[in-house]
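Hi everyone, thanks for having me.

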Amino acid sequence: MVHESSRGDIITLGTSSWRIRQITGDRVVVDPAEGRSARLPFWRGEGLGRPAATGLAKGVFLREAQNSLPSEAGAGESEGERALRWRLTEAGLDAHARSNLLALLREQYRATSALPTDETLVLERYEDESGSWRIIVHSTLGRCVHEPWAMAIRERVHQLLGVRPQTIVADDGIVLQIPPVEGGLPGAGLITFDAAEISSLVRSRIETTALFAARFRECAARALLMPAARPGRRTPLWLQRVKAGQLLEASRQFRDFPVSVEAARECLQQYYDLPALTDLMERLASGRVRIVEAVTSEPSPFAHPLLFGYASTLIYQEDLPHAERRAQLLSLDPKALAALLGDGGVAELLDDEVLAQVEAELQHLAPGRRVRADAEGIADLLRELGPLSAAELAARCTDVGGREPGEDGQGDGADGTDDDVERADTHAVEREVSRALAELDGTRRAAAVRVGGRELWARVEDAPALRRALGAEVPDWALERATAGVAVERKAAARSPLNDLLLRYARTHTTVTPQRVAQAFGLGTAVAEGALAELAGDGSLVDLGAAGWMESAILARVRRRSLDRARAAVAPVPPAALQRLVLERAGLDEPGGGVDALAEALAALEGVWLPAGLWESVVLPARVIDYRPAMLDELIAAGEVVWQARPVSDAASRSGAARVRPGADDIPAPGEIAFFPTDSALAPVAGEATAPGEPEAPTGRETGVTGEELWRLVREGAATGRSFEPVRRALAPAAGPRTAPSSRRVRSRRGRRLMMEMPRTGEATAAGRLSSVVASTSWMRLSCAPVGDEERAIAEVESLLDRYGVVCRDLALAFGGTGGLGPLMPVLRRMEETGVILRGSFIEGLGPAQFAERESVERLRSLTHGPDGAAETPVVLDLKDPACLIGRGVRWPEPVLPAGLGESAGGGGGETGGPPVRRQGASVVVLGGAPVLYASENLKVLISYTSTREELARALTALAADRQAMFARQGAAAVRRRTVVESLNGVTTLAPAVSDLLREAGFVRDPKGMRLAVGTSGATWR
């Protein structure tokens, strides 16, 4: 009302008249105008309406309330209704409000048999006093969804019934008034659309709405295309509308006028919620949302507020701006609008293979869709597909017996017999098609015509259309027979003959382009494009932009299949696929050899903190088949790799790796160690060299430190060595004091007092051991990498993506830094927004927050559909290895034994009672990404997870070979070690079936079970 008013206008407020003296930014200043005639003010604005999310929340409440209502009228208060009353009481409603609300819900439920909820739409209709139909769509989604939906319903009513209904849109539904029509009204089909169809329809009709006219005026004002008549003075709204209308008339010649495109963008993105509307249509199509139809004798309780709004619209219709009510605006270019909205169109969602498959089915070229090569089959093809040549008909036919060309061939193909059979079948089909065409020609059901210089066959009923639309050469008898009444009657609102031919062509093809139509009918490209645009304008075709056009029913079919294919492609893969990907990236499926393979392994393990003793005993030998300690020292000495120890307190708190060994209490080994390529952003910076025992260092060099201080700096990560030898010596077991057996009765008394505190031969003092450790290499100071928290988080995310392909909560907690996934989420979100990674549920059981690169997702899919575990080589993993996801992403399956080996028993040393314990030295054999066999650190207990004897035998052989290689690295100490397997899934290994299986893998019989035979040089020692 304020926008429509100007200074000097007289309005009525209460019982008095007032003259408007001034209109400011926040108020209207008036003076008394007693006795003057005045107009009533109106209060109508352009509210945005209820958001769809709020509407869904209201729908959820109504659904829960409906479930609480009694199923029969007059029934007593149920338990659900009492719970609903308590919920309303908790919400702050008093007794009267609760009673009124429950009464309203009960009356609405009795009137329409359902309430509008998030899963139900109610379509109510009744006949009003004038005999017209009122159709009310009850929905809770709000005006942002209902406005474009009402526009599409209006177009659907016009197409089906030929009338333009009056509509009103509110937050709680849509009201339509349809005049009396012959026959019955359509039901749910009136308001259901394909998601792509309704999106295209709304965008093509947006320029006809009053909202577009209002936004065009605002955009033109912002663009300074409507200057004020007097600077500094307010321009009345009616004058703004006049100027906007003149500007609109002047801009009609420009299809992509920027102001018009911007106005359409605001309507589609700020005022309409098209994503929510298309989602509703998809849920309707899938059955997740149902439509309940109700025919009532009078409006239901929920309909009264909607009808009041409808009446008020008609009462105050003249108060609406004239330009908004009767705007006839230019037609926007859909391509320019789609480019501005950043929407590539529906064509990008369509799968190429699905397009080819559907077109083959429509053209009767797909297996199983061909017809018999008789007269009736040929007539059906001409009726459905239109004019075709004899060769095209033969390609769509089988022989009279129903066999397709080449089917049931008896040749083996070695000498070309299959090709000869197929050619013979093709010739036979062509002969049968020729006989069928001759029969149709003789009975005057088909005629030979010439279209675009091609000899084709067509039905007699199509002859007049071919002559009028294409000027085709048609036999006179065909025209006479068609005009005599054989042709099918055309609809009242008939299209042109050319449009009829093109529409049939579009209904039997997928993507239709002007070039394809011009080639098929011998037309000019411009003529074909104009006819296709005309069909798209009346809603028969859907414009796909640069891809062409497509018939709406076929688009729905292709889009549904494409979505099914896309959903199947993005279905979560089993965790075993992730384990296979990790093994592949770690090189454990095919270990390499040499220093280069070691360099690649260290680069892949950049920044991974592991117990110091795990690196050279498990991790590096598993990745480099010929690993030797000298290879690691070579890389460190060359400056390509730097190692750093983690402070003992941190390492102990995380993994308990820093343990004090007997005999070396005063020389603690480093807790956890990580390797960094020296060119990494996370690598610690090496500073000045330092050495112990230099109290007076030269000028410019750091003052020397003692051996104890230097080793403390190393364990705290403040110093590093130019080789890994110090760590090896610190981890080596110390020679303990030689104590005699307690049962010895004769002891030497010589030198007992003098030599009590002297070290025995072969013993090393703590100081001597520390000196040996410190003197084994040269040392350098380390300082933290000069990177911020954000750069460190980015590097950590990239490292996790490189090693595991997927970043999720479980993997971040197990292998990431402090805090798990939380500190990495800002970086992951930013990478997702920029398209570097994708977010979704890629792996089963790892939660909804999973991030991965596109290449990793595709590789996971290929691994899922690749060869099964039977074709792969078993991989033996230490449970502490960072590439082992068993128990940290891949769940332990239930223990099972192959048939014939006995029944799995409980106990088993406490291993079979639950998931295996992740002790250092325990191993798991992985086959196809899934755990097959678990072995405790001393092989005392084995647990099988496969029911296939062959897989278990392969796993046992791989486990024996892995332990043999480990014992070979350990040297003579392993020869004296007795490694005996005592149980398999709780079954004693002395049982004949189990012992035979272990003997095949290289185990020998022992009094306690089955012993692994080891030797100093790989030869069996028994």
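This is a predicted model: local features need pLDDT of at least 70, side-chain atom pairs count only at pLDDT 80 or more; totals for chains, interfaces and linings use all residues.

Residues are numbered from 1 along each chain as its sequence is written, and side-chain values use heavy atoms, with hydrogens and water left out.

Okay, the overview. The protein has 37 helices and 32 strands. Of its 1022 residues, 45% are buried, where buried means under 20% relative accessible area, exposed means over 50%, and partly exposed is in between, using a 1.4 Å probe and protein chains only. Now take contacts, meaning heavy atoms within 4.5 Å. Among those with a separation of 6 or more, 69% link residues 24 or more positions apart.

Asn 985 sits in the loop between β29 (983-984) and β30 (987-988). Its phi is positive, about 55°, although Asn 985 is not a glycine. So is Asn 985 buried or exposed? Buried, with a relative accessible area of 1%. Ser 113 isn't a glycine either, and its phi is about 65°. You'll find Ser 113 in the loop between α3 (95-112) and β4 (120-127), and this one is exposed, at 52% relative accessible area.

While we're around α3, look at the loop that runs from α2 (79-90) to α3, where Asp 94 is placed. Asp 94 is partly exposed, at 46%. Its side chain reaches the backbone nitrogen of Ala 97 at 2.8 Å.

On to the strands. Two strands pair if DSSP finds at least two bridges between them. Strand β1 (residues 10-13) and strand β2 (residues 16-23) run antiparallel, joined by four bridges, and Ile 11 stands opposite Trp 18. These two strands make a hairpin with two residues between them, and Gly 14 in that turn has a positive phi of about 70°. β2 also pairs with β3 (residues 28-32), again antiparallel, over five bridges. There, Ile 23 stands opposite Val 28.

Further along, there's an open sheet of three strands, in the order β15-β17-β16, with antiparallel pairing. Its edge strands, β15 (610-611) and β16 (641-646), each pair on one side only. β15 is joined to β17 (residues 672-677) by two bridges, and the partner of Leu 610 is Ile 673.

Last stop: a pair of helices. How do α20 (residues 514-521) and α21 (residues 525-537) cross? Their axes come within 8 Å and cross at roughly 115°; axes here are lines fitted to C-alpha atoms, for helices over the stretch in contact, and angles run from 0 to 180 degrees between N-to-C directions. On one side of the contact are Pro 514, Gln 515, Val 517 and Ala 518 from α20, and they meet Thr 525, Ala 528, Glu 529 and Leu 532 from α21. By class, that contact has five nonpolar, two polar and one charged residues. For the classes, Ala, Val, Leu, Ile, Met, Phe, Trp, Tyr, Cys and Pro count as nonpolar, Asp, Glu, Lys and Arg as charged, and the others, Gly among them, as polar.

That's my tour, thanks!

Methods: A polar contact is a pair of N or O atoms within 3.5 Å; within protein, one must be able to donate a hydrogen and the other to accept it, and residues adjacent in sequence count only if both atoms are side-chain atoms.
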